[in-house]
Amino acid sequence: MHPTTTPLRATRRTATLVAGALIALLAGCGSDHTETAASGTEAERAKAAANRTKAAPPVAPTKAVPAGLPGMPPVLDPKDIYAADRPGKLSPVVRKFPSRVYVPNTNSNTVSVIDPTTYKVVETIPVGVQPQHVVPSWDLKTLWVNNNRGHTLTPIDPATGKAGKAVEVHDPYNLYFTPNGKYAVVMASLDRELVFRDPQTMERKKTVPVSCYGVNHADFSADGRYFVVSCEFSAELLKVDTEKMEVVGQQKLPFKGAMPQDVKISPDGKTFYIADMMAHGVWVLDGEKFTTPKLMATGKGAHGLYVSRDSREMYIPNRGEGSVSVFGFAQNKLTKKWWLPDGGSPDMGGVSADGKVLWLSGRYDSEVYAIDTRTGKQLARIPVGGGPHGLAVYPQPGRYSLGHTGVFR
């Protein structure tokens with residue numbers, strides 16, 4: 001043997017033993033086999049990875065909520081866009097206004113003013129030709145009478161009940177305001193236009209021609225970024241981008257002879273309802289998708305749509321049969337039906353500030369109806385001028401007005 005052989009072998013053996021021990025120690029087991037130690041390491045790693053997965057599950061991506069229309073007052077409650085309309089929530093702007101019901105008489109060219117506590121007409125105001133609706137302004141300070149064929153808007157001061165100088169506006173069948181108060185939107189029905197105007201002076205800012213016939217009613221999405229418009233004479237619906245002031249959607253209703261009227265959005269902001277006086281019911285529309293709506297039968301001549309002060313119900317006057325259908329939002333169905341004694345033609349109107357009375361014009365009967373919202377009982381039947389139409393109950397709770405006979409947020 002070579003004298004150096006033994007020490008060299010001893011060194012290699014020692015190194016091997018040390019390495020084996022170290023691997024075993026790192027593997028957490030007493031085996032002398034490197035393969036077993038490696039397997040144990042993989043198992044431990046897998047187990048640790050599983051534990052980490054359980055402890056911190058991946059976060060699912062969430063859909064960003066689109067910002068509201070620039071300048072629009074923030075929604076008070078995302079689950080109820082009518083949260084500002086509760087009984088007693090009168091804005092400081094309107095708190096001292098006397099409570100009145102303003103009735104435009106289309107055939108008489110007047111506005112009858114009713115005291116709701118006595119059910120009596122206390123004044124008759126001469127206005128322009130064919131007044132259609134009395135519309136609260138966005139800032140709540142003025143009531144605008146839409147003199148459709150007179151091509152003017154007559155301002156009424158709700159503090160005094162006095163009419164001011166008429167403003168020239170062509171074909172003002174109906175009037176709305178963008179949720180940020182930037183524009184008034186005139187529904188020029190026969191002109192086939194949506195006209196965006198200055199909300200104070202009514203100076204024309206932009207005219208949007210439309211291909212449908214008879215634009216008349218509308219309501220805005222919860223974020224105010226678009227609104228849905230009904231076209232009465234061509235049985236169509238429009239979807240309009242509020243900020244761009246452009247029509248971005250249009251569809252024909254799937255009912256021969258349909259005549260869509262009032263439009264109203266649900267408290268949760270997910271659904272639009274459109275009354276139809278010839279389909280005798282209400283169309284239920286997904287505003288975001290703007291897909292074909294479904295018809296919910298209510299009664300002959302369904303016309304107006306009014307949400308209760310607690311946001312639980314919607315009142316639907318059926319003009320052709322003298323009834324009011326009541327829709328429950330939580331139940332998602334009609335829950336009641338009230339019939340007017342001796343018939344009638346309930347049309348447009350609004351709910352009293354305390355929520356206890358539904359006021360409706362009797363379009364073909366020269367009268368106005370006051371209906372108890374708890375029982376459906378008729379409280380009064382008040383004679384007015386000829387062809388009463390879009391009456392306004394004023395003042396009402398709310399921070400600002402979107403127009404029509406009083407759509408408040």
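Tutor: The sheet to start with has four strands, is open, and runs in the order S17-S18-S19-S20 with antiparallel pairing. Its edges are strand S17, residues 260-265, and strand S20, residues 294-297, and each of these pairs on one side only. From one strand to the next, the twist averages 25°. Bear in mind that this is a predicted model.

Strand S18 covers residues 271-276, and four bridges join S17 to S18, the two running antiparallel. Within that pairing, lysine 264 stands opposite tyrosine 273 in S18.

What does the backbone oxygen of glutamine 261 lie 2.7 Å from? The answer is a polar atom in the side chain of serine 230. Serine 230 belongs to strand S14, which spans residues 226-231. Is serine 230 buried or exposed? Its relative accessibility is 0%, and therefore serine 230 counts as buried. The side chain of serine 230 also has a polar contact of 2.4 Å with the side chain of asparagine 216. If neighbours within four places in sequence are left aside, the residues in contact with serine 230 include Pro260, Gln261, Val263 and Ile274. Gly214, Val215, Asn216 and His217 are in contact with serine 230 as well, and so are Glu236 and Leu237.

A second sheet can be read in the same way. Four strands form this open sheet in the order S25-S26-S27-S28, and the pairing is antiparallel. The edge strands here are S25 (346-351) and S28 (378-383), each of which pairs on one side only. Direction ignored, neighbouring strands of this sheet are turned by 20° against each other on average.

Glycine 362 has glutamate 367 in S27 as its bridge partner.

The loop between S26 and S27 holds arginine 363. Arginine 363 has 19% relative accessibility, and it counts as buried because the limit is under 20%. What does the side chain of arginine 363 make a polar contact with? The partner is the side chain of histidine 389, at 3.1 Å. Arginine 363 and glycine 386 are 23 residues apart in sequence, yet their C-alpha atoms are 8.0 Å apart in space. Neighbours within four places in sequence aside, arginine 363 is in contact with Gly387, Pro388 and His389, and also with Thr106, Gln132, Arg319, Ser345 and Asp347.

The last item is empty space inside the model. Rolling a probe the size of a water molecule over the atoms shows where such space is left. Two cavities of 30 Å³ or more are counted. The largest cavity holds about 190 Å³ of space. Its lining is made of 16 residues, and those nearest the centre are Asp85, Val307, Arg309, Gln396 and Gly406. The elements giving two or more residues to this lining are strand S21 (306-307) and S25. S25 gives the most, with three residues.

How values were computed. Residues numbered from 1 in each chain as written. Predicted model: local features only at pLDDT ≥ 70, side-chain atom pairs only at ≥ 80, totals over all residues. Heavy atoms only, no water. Buried < 20%, exposed > 50% of the residue type's maximum accessible area, 1.4 Å probe, protein only. Polar contact = N/O pair within 3.5 Å; in protein donor to acceptor, adjacent residues only side chain to side chain. Contact = heavy atoms within 4.5 Å. Pairing = 2+ DSSP bridges. Axes fitted to C-alpha atoms, helices over the stretch in contact; angles between N-to-C directions. 1 Å grid on protein atoms, 1.4 Å probe; cavity = no way out; pocket = protein on both sides within 12 Å on 5 of 7 lines; lining within 4 Å. Points joined across faces, edges and corners; volume = space filled by probe spheres on them.
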